[in-house]
Amino acid sequence: MLTTKQIISQKIKDYAKELGFDLVGITSSQPLDIDFYQSWIEKGFAGEMEYLKRNIDKRENPELLFEGTKSIVCLGFNYYTESNQSDYKVAKYALGDDYHFFLK
């Protein structure tokens, strides 16, 4: 017999799939140990992606974004686009719709 939590989790996952997401996961919102992430940033691996360097405290503790947070729903969207173009001037993933727009 499924628990209430399992039933709700499955409903969330089913709904996300209906919306077109390819991957769906749910995890705890407990604060994270982000030493590896901070080291990665300090080594310059974020390149010019400045947004990765912002809000480290919120990346470490999601409750700073939303007080009372218990869980986080993680969504994955495959934005790979089939293309017959043989001479790419743009990264292949960039040929599809920009997910930033449809997620909003």
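## Largest pocket

By class, four nonpolar, three polar and two charged residues make up the lining of the largest pocket in this predicted model. The pocket holds about 180 Å³ of space. Helix H3 (56–60) and strand E2 are the elements that give two or more residues to this lining.

The lining residues are Asn 55, Lys 58, Arg 59, Pro 62, Leu 65, Phe 66, Thr 69, Ser 71 and Ile 72. Lys 58 and Arg 59 are the two charged residues, because Lys and Arg belong to the charged class. Two of the lining residues, Ile 72 and Thr 69, are described below.

## Ile 72 in strand E2

Ile 72 is part of strand E2, which covers residues 71–76.

Leaving aside neighbours within four places in sequence, Ile 72 is in contact with Gly 25, Ile 26, Thr 27, Ser 28, Ser 29 and Pro 62. One of these residues, Ile 26, is 46 residues away from Ile 72 along the chain, yet their C-alpha atoms are separated by 5.6 Å. Pro 62, another of the contacts of Ile 72, also lines the largest pocket.

Thr 69 sits in the loop between H3 and E2. With a relative accessible area of 17%, Thr 69 is buried, because that class takes in values under 20%.

Beyond its neighbours within four places in sequence, Thr 69 is in contact with Ser 29, Pro 62 and Glu 63. Ser 29 and Pro 62 are also among the contacts of Ile 72.

## Aromatic cluster

There are two aromatic pairs in the structure. In one of them, the ring centres of Tyr 37 and Trp 40 are 6.1 Å apart and the planes meet at 20°, so the pair is stacked. Tyr 37 and Trp 40 are three residues apart in helix H2 (residues 35–42), which means that about one helical turn separates them.

Trp 40 is partly exposed, at 26% relative accessibility. Trp 40 also pairs with Phe 45; here the distance is 6.3 Å centre to centre, with 50° between the planes, and the pair is tilted. Through these ring pairs, Tyr 37, Trp 40 and Phe 45 are linked into a cluster.

Methods:
Residues numbered from 1 in each chain as written. Predicted model: local features only at pLDDT ≥ 70, side-chain atom pairs only at ≥ 80, totals over all residues. Heavy atoms only, no water. Helix = DSSP H or I, 4+ residues; strand = E, 2+ residues; numbered from the N terminus. Contact = heavy atoms within 4.5 Å. 1 Å grid on protein atoms, 1.4 Å probe; cavity = no way out; pocket = protein on both sides within 12 Å on 5 of 7 lines; lining within 4 Å. Points joined across faces, edges and corners; volume = space filled by probe spheres on them. Buried < 20%, exposed > 50% of the residue type's maximum accessible area, 1.4 Å probe, protein only. Phe/Tyr/Trp six-rings, centres within 6.5 Å; stacked < 30°, edge-to-face > 60°.
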